Amino acid sequence: CRDLFQRAQVQPSIVVRTCLEGGARLDLRAHRFVEAQQLLLPLLAAWERVNPEAPGHGEALHWFAAAERGEGKVAAARRDAERADVMLRRSPLPALQRLVHAPTRSRME
């Protein structure tokens, strides 16, 4: 799914989101922050085109901010995390709302 998505052949479906965000989270745990950002960038671009205020966009942006923070891009991470939190608060899904209240350490996982 990563290859198809990066070639812009699919939209941010649940399956593609799960694949890309899961891969990015594994990269975050391994402290591969640049790789995590590279996985998430096409997903973020698709969300911008499809529905910029969607909770799914907020989740991808949440993990992107964690990668930025890990790379030492503190100002960018703060900006993106705040934007993600706004979208995640609107979600009807408790799992996404929990990301807003997660301790800082878990935001990197």
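In this predicted model, the largest nonpolar core consists of 24 residues, and those with the most contacts inside it are Leu28, Leu40, Leu43 and Leu88. The elements that supply two or more residues to this core are α2 (14–29), α3 (33–50), α4, α5 and α6 (94–101), and of these α3 gives the most, with seven residues.

Two of the helices can now be taken as a pair. Two packed helices are described by the angle between their axes and by the distance between those axes. For helix α4 (residues 55–70) and helix α5 (residues 74–89), the axes come within 8 Å and cross at roughly 160 degrees. Because angles over 145 degrees count as roughly antiparallel, α4 and α5 are roughly antiparallel to each other, and their crossing is left-handed. On the α4 side the contact is made by Pro55, His57, Gly58, Glu59, Leu61, His62, Phe64, Ala65, Glu68 and Arg69, which meet Ala76, Ala77, Arg79, Asp80, Ala81, Arg83, Ala84, Met87 and Leu88 in α5.

A last stop is helix α2, in which Asp27 lies. Is Asp27 buried or exposed? Asp27 has a relative accessible area of 9%, and because buried means under 20%, Asp27 counts as buried. Setting aside the neighbours within four places in sequence, Asp27 is in contact with Arg32, Glu35, Ala36 and Leu39.

Definitions and conventions
Residues are numbered from 1 along each chain as its sequence is written. This is a predicted model: local features need pLDDT of at least 70, side-chain atom pairs count only at pLDDT 80 or more; totals for chains, interfaces and linings use all residues. Side-chain values use heavy atoms; hydrogens and water are left out. Axes are lines fitted to C-alpha atoms, for helices over the stretch in contact, and angles run from 0 to 180 degrees between N-to-C directions. Helices (H or I, at least four residues) and strands (E, at least two) are DSSP runs, numbered from the N terminus. Angles under 35 degrees count as roughly parallel, over 145 as roughly antiparallel, 65 to 115 as roughly perpendicular and the rest as oblique. A crossing is left-handed if the near helix is turned anticlockwise from the far one by less than a right angle, and right-handed if clockwise. Contact means heavy atoms within 4.5 Å. A nonpolar core is a set of buried Ala, Val, Leu, Ile, Met, Phe, Trp, Tyr and Cys residues joined through side-chain atoms within 4.5 Å. Buried means under 20% relative accessible area, exposed over 50%, partly exposed in between (1.4 Å probe, protein chains only).
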